[in-house]
Amino acid sequence: MLYFTLASKAYARNLHYRGAHMLHNVASALFGYLYACIWIGIGADRPLGEYGVHGMIGYIAFTQASLWVTGFITNGLGMQQAVRTGQISLDLMRPVHLFVLYMSREWGQIAYQFVYKSLPIYVLYMLVFSLSLPSYWTTLLYAFAALAAAAYMSICVNYIIGAASLWTTESSWLYWVHQALINLLAGFFIPVEWLPSWLQTVSWLSPYPYLLYVPTRIYLGYEQGGMLLGSLCWCLIFTLLSLLVTVIVRRKVEVQGG
Amino acid sequence: MNIKYWLGLYAVLIRSSVRSRMQYKLNFMLGTVLAAIIQIAEFLMIAIVLNKFGAVKGWSLHEVGYLFAVMTLSKTLYRTFASDVHHLETYLTTGDLDQLLTRPVPILMGLMSQNIRLMPGELLQGGTILIWTIHGLMDSGQITWVVVPYTLLAIVTGAVILFSIGLATAAVGFWITRINELQTLTEDAAQTAVRYPLVLYPSWLRSILLIVIPVGFVNYVPSLFILRGEYGSWLLYGTALIAGICLALSLKLWKFGLTRYQSTGS
């Protein structure tokens with residue numbers, strides 16, 4: 001119940017900025033539109049693999065909207081500020097596990113972004129590019145599950161990034177590297193199978209394809225629900241890593257600021 | 001107090017800003033390396049696509065690389081010297097601008113000499129891609145050495161245009177206070193758009209990127225002459241003129257905006 005309260009507070013806090021966020025959505029939708037234009041340009045005089053031009057537009061539309069659930073989440077879950085202000089020591093004293101505390105808040109944030117960012121952006125693309133929904137409701141269900149797993153992995157990655165700030169004070173650089181890797185390895189702009197083979201290998205050894213590529217492929221009907229097993233494995237690995245990091249953090253914490 | 005005095009003062013302020021930044025050496029070095037990685041990853045995205053599919057609407061990989069590099073270098077120049085113009089929102093919401101108002105230095109100069117940001121990572125990436133593309137285009141006989149001074153000119157005028165757009169966007173903050181969302185549109189999205197040839201976009205978007213937010217003049221318009229010999233060298237001088245006009249307009253808006261500044265309550 002406590003966790004739900006934490007999440008709903010984070011959700012409610014964001015509601016105040018709905019207006020500004022809608023303006024931001026225009027910019028975000030524009031980014032996807034630019035990438036779609038590039039694929040339209042490339043696809044003008046050559047086929048685009050199994051997707052075709054329209055398929056690639058659908059691909060870009062889905063990844064761009066999903067970014068708000070799996071990519072653009074709070075930098076290091078906000079731990080960096082907590083370290084800088086000393087708040088982290090209070091957070092560690094609470095009778096709640098540190099990871100669960102930060103995770104619950106972030107789920108609220110993600111739920112908000114799903115409703116007020118991903119959905120409006122995707123609906124806009126559906127209208128502009130006349131995209132259609134998948135024909136089977138199971139496809140939608142699997143895609144949703146894959147996105148939820150991706151969101152969870154993202155929370156874990158950001159938790160670890162945030163924890164790094166206990167050593168370096170500044171961890172936003174790691175966050176930006178993570179974003180750059182999402183762009184390149186998660187199939188955000190280029191489907192993973194079109195990467196050079198060595199980069200494909202790197203990509204599949206990392207969790208990145210499960211953040212965007214796999215949910216998108218499932219949604220577009222190119223993959224079955226079986227791919228969710230991979231997502232599940234990575235979720236388990238990240239859970240263990242996050243718990244391990246918490247143990248180390250408890251020993252490391254030093255209070256800054258004042 | 002002549003121009004020499006102000007330039008001297010600016011140099012002193014910049015030096016102290018750099019010195020304060022260098023107090024965090026590890027952070028600086030780490031930031032540099034990671035910035036270079038991020039930039040290269042971004043270029044790889046388009047390079048991989050062009051490498052796989054060939055030219056896009058008549059623009060080769062080298063030509064697109066050139067657009068990308070000129071944009072990166074202009075942006076680096078702008079963000080190095082005017083880092084906090086981009087971060088004006090913080091000053092507006094915390095009321096930190098009051099401090100600058102009380103100093104015997106023009107406010108814009110005060111702002112521009114705060115937190116100067118050295119960006120060797122971006123410089124290295126932009127420079128490397130630029131040299132690589134110019135080399136490649138010269139090998140194929142498309143261009144000659146003449147492009148080097150032209151390119152430098154384009155980078156500088158481009159930085160002036162980006163600065164003007166940034167300053168105008170920041171000035172809007174005097175009325176609406178929160179400008180991060182607007183910046184995403186006028187700076188981030190616009191700059192990303194013109195990393196690729198404008199011919200890719202429908203005409204309405206092209207017009208916006210040339211007239212409303214004139215980022216197209218940073219790299220695309222100059223490159224039409226520099227790389228392809230289209231129109232004539234007047235294209236470059238025209239671009240410089242447009243940069244001058246943008247700068248004058250944005251400075252006017254900035255000055256007017258300052259008179260509307262209301263400090264924050266807390």
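Good morning. Please keep in mind throughout that the structure above is a predicted model.

Let us start where the chains meet. How many residues does each chain bring to the contact? Chain A brings 32 residues and chain B brings 31 residues. Between them, the two chains bury about 3000 Å², and 83% of that area is on carbon and sulfur atoms. Within chain A, the residues that lose the most area to chain B are L34(A), I38(A) and W173(A), which together account for 19% of what that side buries.

Which elements of chain A give two or more residues to the side that touches chain B? They are α2, residues 18–43, and α8, residues 172–185. Of these, α2(A) gives the most, with 16 residues. Sorted by class, the side of chain A that touches chain B has 26 nonpolar, four polar and two charged residues.

What of polar links across this interface? The rule finds zero salt bridges between chain A and chain B. It does find three residue pairs in polar contact across the interface.

I now turn to the aromatic rings. Over all chains, a search of the whole structure finds 33 aromatic pairs. One of them is formed by W39(A) and F189(A), with 5.3 Å from centre to centre and 35° between the planes, and this pair is tilted. This pair links distant parts of the chain: W39(A) is in helix α2 of chain A, while F189(A) is in the loop between α8 and α9, and they are 150 residues apart. Are these two residues buried or exposed? Both W39(A) and F189(A) are buried.

A second pair joins Y122(A) and Y219(A), and its geometry is edge-to-face, at 5.8 Å centre to centre and 90° between the planes. Here too, distant parts of the chain are linked, with Y122(A) in helix α6 and Y219(A) in helix α10 of chain A, 97 residues apart. Y122(A) counts as buried because its relative accessibility is 10%. Y219(A) is buried as well, with a relative accessible area of 6%.

W39(A) and F189(A) also belong to one aromatic cluster, whose members include Y35(A), Y51(A), W194(A) and, from chain B, F53(B).

Next come the salt bridges. How many does the structure hold over all chains? It holds seven. In one of them, the side chains of D91(A) and R94(A) meet at 3.0 Å, N to O. D91(A) is at 1% relative accessibility and therefore counts as buried, whereas R94(A), with a relative accessible area of 34%, is partly exposed.

In chain B, E63(B) forms a salt bridge with R228(B), and the closest N and O atoms are 3.2 Å apart. This pair connects distant parts of the chain: E63(B) is in helix α3 of chain B and R228(B) is in the loop between α12 and α13, 165 residues apart. E63(B) counts as buried, at 4% relative accessibility, and R228(B) counts as partly exposed, at 29%. R228(B) also meets E230(B) in a salt bridge, at 3.8 Å, N to O. Back in chain A, a network of salt bridges links E50(A), E193(A), R217(A) and E223(A).

Why does Q109(A) count as buried? Its relative accessibility is 12%, and the cut-off for buried is under 20%. The side chain of Q109(A) is joined to that of N14(A) by a polar contact of 2.8 Å. Beyond its neighbours within four places in sequence, Q109(A) is in contact with A10(A), R13(A), N14(A) and T74(A).

Finally, two backbone angles. L77(A) has a phi near 55°, a positive value in a residue other than glycine. This residue lies in the loop between α3 and α4 of chain A, and L77(A) counts as buried at 7% relative accessibility. K57(B) likewise has a positive phi, near 45°. K57(B) is found in the loop between α2 and α3 of chain B, and at 42% relative accessibility it counts as partly exposed.

Thank you for your attention.

Terms used: Residues numbered from 1 in each chain as written. Chains lettered and ligands numbered in written order. Predicted model: local features only at pLDDT ≥ 70, side-chain atom pairs only at ≥ 80, totals over all residues. Heavy atoms only, no water. Contact = heavy atoms within 4.5 Å. Buried area = accessible area lost by both parts, 1.4 Å probe. Salt bridge = Lys/Arg side-chain N within 4 Å of Asp/Glu carboxyl O. Polar contact = N/O pair within 3.5 Å; in protein donor to acceptor, adjacent residues only side chain to side chain. Helix = DSSP H or I, 4+ residues; strand = E, 2+ residues; numbered from the N terminus. Nonpolar A, V, L, I, M, F, W, Y, C, P; charged D, E, K, R; others polar. Buried < 20%, exposed > 50% of the residue type's maximum accessible area, 1.4 Å probe, protein only. Phe/Tyr/Trp six-rings, centres within 6.5 Å; stacked < 30°, edge-to-face > 60°.
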